[in-house]
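I opened my notebook to look around a new structure, one corner at a time. Come along and check each entry against the picture.

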Amino acid sequence: KMDNGALVMALMALGGVWGWHKIDRRDASSLSVDEFKNKYKKNGIPVIITNYTNDWPILDWSFERIKEECDTDRVSFKNKGIHLLQNLPKIAFETWGKELEHVFGKNMEELFKMYENGMAIGDFVDYVVQNRTAEEVEKQDFSHLMHYFLPLHMHSFPLHKFCSKRLVKDLTFPRYLLGEYIREWCDNSDVSGPVYGGNYDPEIFFAADHSRAYPAHLHGVSADHLLLVVRGRKKYVGWPYAEKEKLIRFDIGSRGLHTESSDEIFLAEGINPNFDLQPSLKDTKGWEGEVSQGEFLYIPCGQVHQVQNMAPTFAVVFRVMDSDVVKCSRKLEEMGANTMEMPFQEDLEENVRKWEHPQDVSFKQLWNRLCPDTPEWDL
């Protein structure tokens, strides 16, 4: 008799779990911008783009090089949802604290200090790439939210603030997200860095093996994302928000739980599904796949998703808002999601400009072309 775990693995090997699809893997040489937009972007379907970044300078940044060139810079972990732990009821705080000590050998006070103090980048790289003990990995159970706070990870850190802008100078912007942009937001460069198609510039992620930044979640600010794995490997599972009733939203009383970025949290376990514990997942429509070094994963607007790092990982995420995202955001709003406010949507629609003949460009070229009337961003 085949047990539940073995059955899941067998089904995945055959191409998916029930209604889950293997994410398409497309070679960039045969995936045009038009096909990407019409087949994947407009339909909210993820895709992995391969053989695209072979000659991109950003791929030359290994963990060793980052440690060598950025050693004295510091990273902060203050923006992680530590407020959730600090505001737990007393009994829950004590229970979660016991779980923390059982798995990681630390108490809550030590964890808070780690988040408060941050680390030098060189020390953090060593922390990320060190081999985790088999005992710690075996004890890790992502059904408990405590397990998303350690190992420490750098999540959604603005790339233009990292390593004195050394990495952003080597960044190439992918043609697949060059279509529309917002001219009026060029004036925010001192605050937001080089802005493209939204008020977020590319962000950097670092994470240890067998770790996750968050449970399954829907981004609180709607956007399309392209995730580039520079080093390491990630496993991804995603579902359309229309499946929300089957994904077990994490509710506290009458409201849902959100991250520090207003992301809506769900308890669905898609990386290692157990249909005995969560039978509703069997009936969901979803996608799953793995993205490796040098590959892009497109994460569409409106997708509840879950990601696990399968090795020490360094990634860059490009985030874009355009008219497709506005349509997506309005659909999410109609379904009750916590997404961008209406004035923000209207601003996107009213101030959009078109980019003709998209092509891969360096970030400096992008900034100078999109914002010719503002001072050149210091690159």
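**A pocket to begin with**

I looked up the second largest pocket and found 23 lining residues, with Asn-43, Gly-44, Cys-301, Cys-328 and Lys-331 nearest its centre. For my own reference, on a 1 Å grid over the protein atoms alone, a pocket is an open set of points where a 1.4 Å probe fits, with protein on both sides within 12 Å along at least five of seven lines, and lining residues have an atom within 4 Å of a point. The volume of this pocket is about 490 Å³, taken as the space filled by probe spheres set on the points, which are joined across faces, edges and corners.

Strand 16 and helix 10 (323–334) are the elements that give two or more residues to this lining. Helix 10 gives the most, with six residues. I noted that helices (H or I, at least four residues) and strands (E, at least two) are DSSP runs, numbered from the N terminus.

**How I read the model**

This is a predicted model, where local features need pLDDT of at least 70 and side-chain atom pairs count only at pLDDT 80 or more, while totals for chains, interfaces and linings use all residues. Residues are numbered from 1 along each chain as its sequence is written, and side-chain values use heavy atoms, with hydrogens and water left out.

**The open sheet**

In what order do the seven strands of the open sheet come? I read 2-3-17-11-19-9-6, with mixed pairing; two strands pair if DSSP finds at least two bridges between them. At the edges I found strand 2 (24–27) and strand 6 (154–158), each pairing on one side only. From one strand to the next, the twist averages 25°.

Three bridges join strand 6 to strand 9 (residues 203–207) in the antiparallel sense. Pro-158 has Glu-203 of strand 9 as its bridge partner. Helix 3 (residues 63–70) packs on the sheet and touches strand 9, strand 11 (224–231) and strand 19 (313–320). Contact here means heavy atoms within 4.5 Å. The direction of helix 3 makes about 80° with that of strand 19; axes are lines fitted to C-alpha atoms, for helices over the stretch in contact, and angles run from 0 to 180 degrees between N-to-C directions.

**Two cores**

The largest nonpolar core has 67 residues, and Leu-111, Phe-124, Phe-162, Leu-167, Phe-206 and Phe-314 touch the most other members. Such a core is a set of buried Ala, Val, Leu, Ile, Met, Phe, Trp, Tyr and Cys residues joined through side-chain atoms within 4.5 Å. Buried means under 20% relative accessible area, exposed over 50%, and partly exposed in between (1.4 Å probe, protein chains only). Helix 7 (residues 121–129) gives the most to this core, with five residues.

I followed Phe-206 and, leaving aside neighbours within four places in sequence, found contacts including Phe-63, Ile-66, Phe-124 and Phe-314. Another core lies apart, with 20 residues, among them Ala-216 and Cys-328.

**Strand 12**

Why is strand 12 (residues 233–240) largely enclosed by the rest of the structure? Six of its eight residues are buried. Strand 12 runs antiparallel to strand 16 (residues 285–292), joined by six bridges, and Gly-238 has Trp-287 as its partner there. Seven bridges pair strand 12 with strand 18 (residues 303–309), also in the antiparallel sense.

I found a cis peptide bond from Leu-150 to Pro-151, with omega near -5°. Ile-248 has a positive phi, near 60°, and is partly exposed, at 31%.
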